[in-house]
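Subject: Structure for you to look at

Hello,

Here is the structure I said I would pass on. Please open it first, then read the notes below with it on the screen.

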Amino acid sequence: MGNDVLANLYLRQASIIYRYLLKHGCRKEVAEEIVQDSFVKALEHFEDVNPQKLPAWVLKVALNNYFNYLKKASVKEELLIDAGRFLEKISDDGDVADILTTKETAQEVRDCLNALKKGYQELLLLKYEMELSYTEIGSILGLPEQTVKTYLYRARNEFKRIWRDTYGS
């Protein structure tokens, strides 16, 4: 039973975690290793973790492994996002969507994302950069779909506030 649950989880979530790590600027080889290590830990601790919370647990393990890697390797995290597409998707009222995307704008978007608390940053990346549904995000983070919608609303508004305060648009 446990192997089936882990196998299904791996099939559904390994590529999501891998892509998410790449969006955080993780090198491909490191991301592959982190995903593999995270699922090995899931296998080792399967009996200790509630199966419904396992997707969120594996993502947290992967992120913790990545942040530990950053510290050990003295590497700086750099978000790799499509700034124009991100601004277009996050802007429901056109307030930042009409900004001409340049390299400077891409850095400005990364700066605003980095100014957010990690939870909001994660939600925005999962939704607007990785284009996951509310249900998928809820499953990954262990949150009800309505909570994901609420938190995303707050994250968008906080991003826009930081953008307006910093860049005046």
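Buried residues make up 43% of the 169 residues in the protein chain; buried means under 20% relative accessible area, exposed over 50%, and partly exposed in between, with a 1.4 Å probe and protein chains only. This is a predicted model, so local features need pLDDT of at least 70 and side-chain atom pairs count only at pLDDT 80 or more, while totals for chains, interfaces and linings use all residues. Residues are numbered from 1 along each chain as its sequence is written, and side-chain values use heavy atoms, with hydrogens and water left out.

Overall picture

The protein chain has eight helices and zero strands. Helices (H or I, at least four residues) and strands (E, at least two) are DSSP runs, numbered from the N terminus. Of the contacts between residues at least 6 apart in sequence, 69% join residues at least 24 apart. Contact here means heavy atoms within 4.5 Å.

Helix H3

Helix H3 covers residues 54–73, which is 20 residues. From its first C-alpha to its last, H3 reaches 28 Å, close to the 28 Å expected at 1.5 Å a residue; the expected span is 1.5 Å times one less than the number of residues. The buried residues of H3 include Leu-54, Val-58, Leu-63, Asn-65, Tyr-66 and Leu-70.

Asn-65 counts as buried because its relative accessible area is 17%. Leaving aside neighbours within four places in sequence, Asn-65 is in contact with Ile-34, Asp-37, Ser-38 and Lys-41.

Just after H3, Ser-74 takes a positive phi of about 50 degrees. Most residues other than glycine have a negative phi.

Aromatic rings

How many aromatic pairs does a search of the whole structure find? It finds four. Rings of Phe, Tyr and Trp (its six-membered ring) pair if their centres lie within 6.5 Å; planes under 30 degrees apart count as stacked, over 60 as edge-to-face, and the rest as tilted.

One of the pairs is Tyr-66 with Tyr-69, which is stacked, at 6.4 Å centre to centre and 25 degrees between the planes. Tyr-66 and Tyr-69 are separated by about one helical turn because they are three residues apart in helix H3. Tyr-66 counts as buried because its relative accessibility is 1%. Phe-159 and Trp-163 also form a stacked pair, 6.1 Å centre to centre with 25 degrees between the planes. These two residues are four apart in helix H8 (residues 145–167), so about one helical turn separates them. Phe-159 and Trp-163 are both buried. Ring pairs also link Tyr-66, Phe-67 and Tyr-69 into a cluster.

Two lysines sit over rings. The charged end of Lys-117 is over the ring of Tyr-120, 4.6 Å from its centre, and Lys-127 lies over the face of Tyr-134, at 4.1 Å from the ring centre. A charge sits over a ring if NZ of Lys or CZ of Arg is within 6 Å of the ring centre and within 35 degrees of the ring normal.

Is Glu-129 buried or exposed? At 4% relative accessibility, Glu-129 counts as buried. Glu-129 is in helix H6 (residues 118–129), and its side chain is joined to that of Lys-23 by a polar contact of 2.8 Å. A polar contact is a pair of N or O atoms within 3.5 Å; within protein, one must be able to donate a hydrogen and the other to accept it, and residues adjacent in sequence count only if both atoms are side-chain atoms. Apart from neighbours within four places in sequence, the residues in contact with Glu-129 include Leu-80, Asp-82, Arg-85 and Phe-86.

Glu-131 lies in the loop between H6 and helix H7 (134–141). Its phi is near 55 degrees, a positive value in a residue other than glycine. Glu-131 counts as partly exposed because its relative accessibility is 45%.

Thr-166

Thr-166 is in helix H8 and counts as partly exposed, at 48% relative accessibility. A polar atom of its side chain lies 2.8 Å from the backbone oxygen of Ile-162. The C-alpha atoms of Thr-166 and Glu-108 are separated by 9.0 Å, although the residues are 58 apart along the chain.

Regards
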